[in-house]
Amino acid sequence: MTHPTIAPDSSHSDESHLDAAPLDATDPLAHFAERFVPAEGVVAYLDGNSLGRPLKATGERIASFLAHDWGTRLIRSWDDQWMDAPTSLGDRLGSLALGAAAGQTVIGDSTTVLLYKLLRAALDHGQKSGRDEIVIDDDQFPTDRFVVEGIARERGGSIRWVSVDPTLGVTPELVAEAVSERTAVVLVNHVSYRSGYLADLTEITRIAHDAGALVVWDLCHSAGVVPMSLDDSGVDLAVGCSYKFLNGGPGAPAFAYVRRELQEVLEQPIQGWMGAADVFAMAASYEPAPSIRRFISGTPPIVGMLPLRDMLDQIDEAGIEAIRTKSLALTDYAFVLVDEWLVPLGVRVATPRDTRIRGSHVTVTHPAFHEILPSLWQAGVIPDFRNPDALRLGLSPLSTTFAEVRAGVAAIRSALA
């Protein structure tokens, strides 16, 4: 699948060379945008990397769930389908978006809780062989940093902070310099939440393994828009949320990937009845399930999984490779508009332009962005602000049109001017 390429051309004073209409008209995924709930008064929604838009089908699914699965079947639905939902839905997510074979992905908890589970398990495993160090970069998302600090304090571990360029992210070279015989686990964001930099998943995993360490990948800003193969890349552990590009809704459950060979090696630190070998044995002591199910703790968030089911249907139909192609086309177009309209006003681009190392959002910076944000929202243009001076244009390929990108960047230009 290809999209037309638009390049800036100063000879067109009418700016017709920046027209989004030809791009939308030839976009093979354009029809997907109609499947999302329309937002009255919103001209450009450019924050899909923080909260994805809801699908129309989800309203129908929730109504059916209330009337039948919950309303009629009642507690019998646990036997009908709910008990297996965290693993069956995890298998589908793994197959469609993560490159993971069945039996290695589970849905449930929040990203923070799953990060805690996997990082703590990895550190505890490393400490058995004298490894007490967690490697993490200093520009990682606050939750990741806070969880690492808490685990290190709780378990007597140490932290090795990797200093990164905030316009990029964690490179293989930086990881190679940081890991040692003390490293138990490395935590890396696949796509940097700030810059949109796409880390080299396969190479960084290899470097960590060569040092004898495990790796936890945070996939929050890549799951659903960046093709990957966790299995082929030898990834040990991964977590991610489902409310961004997976459109699961506010507070939607997160997911965890645990490579099959590690499932009975690592000790899950939050032992709950749903992760037991026999859930209903009401046993006197905990015996973990001999599968990915051991990483479940409490009752699964069944209602919270409903929107994710609908988005996985869309990903299945569109194909993750086609989604990536449109993602790059959207961000390419955003760069063209930013270069022509915003850079002359003092805006700086903080996202890599190389298609091989960027995710699905474009970050731009300007000292006035915090000041103009309320006027943008009032005009129906919704980007994402990050302190101290950054706007993230989060472009979700199935719900974002090229016309939205144009309208959004045009509104930013007007607000700055």
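Predicted model: local features only at pLDDT ≥ 70, side-chain atom pairs only at ≥ 80, totals over all residues.
With 5 of the 5 residues of β10 (residues 361–365) buried, the strand is largely enclosed by the rest of the structure.

Who are the neighbours of β10? Strand β9 (residues 348–349) is joined to β10 by 2 bridges, and the two run antiparallel. Here V349 has V364 of β10 as its bridge partner. β10 is also joined to strand β13 (residues 390–394), by 5 bridges and again antiparallel. To find that pairing on your screen, look for T365, which stands opposite A390 in β13.

## The seven-strand sheet

Elsewhere there's an open sheet of 7 strands with mixed pairing, and its order reads β2-β8-β7-β6-β5-β3-β4. The edges belong to β2 (105–107) and β4 (158–162); each has a single partner strand, so one side of each has no neighbour in the sheet. Going from one strand to the next, the twist averages 20 degrees.

Strand β5 (residues 183–189) and strand β6 (residues 214–218) pair in the parallel sense, with 5 bridges between them. One handy landmark is V186, whose bridge partner in β6 is V215.

## Helices on the sheet

Helix α6 (residues 142–155) lies across β3 (133–137), β4, β5 and β6, and runs at about 165 degrees to β3.

## Where α10 meets α12

Now for a helix pair. Helix α10 (residues 320–342) and helix α12 (residues 402–416) have axes that come within 10 Å and cross at roughly 25 degrees. That angle makes α10 roughly parallel to α12, and the crossing is right-handed.

Which residues of α10 and α12 meet? On the α10 side you'll find K326, A329, L330, Y333, A334, L337, V338, W341 and L342. Facing them from α12 are F402, V405, R406, V409, A410, I412, R413 and L416.

Terms used:
Residues numbered from 1 in each chain as written. Heavy atoms only, no water. Axes fitted to C-alpha atoms, helices over the stretch in contact; angles between N-to-C directions. Helix = DSSP H or I, 4+ residues; strand = E, 2+ residues; numbered from the N terminus. Parallel < 35°, antiparallel > 145°, perpendicular 65-115°, else oblique. Left-handed = near helix turned anticlockwise from the far one by under 90°. Contact = heavy atoms within 4.5 Å. Buried < 20%, exposed > 50% of the residue type's maximum accessible area, 1.4 Å probe, protein only. Pairing = 2+ DSSP bridges.
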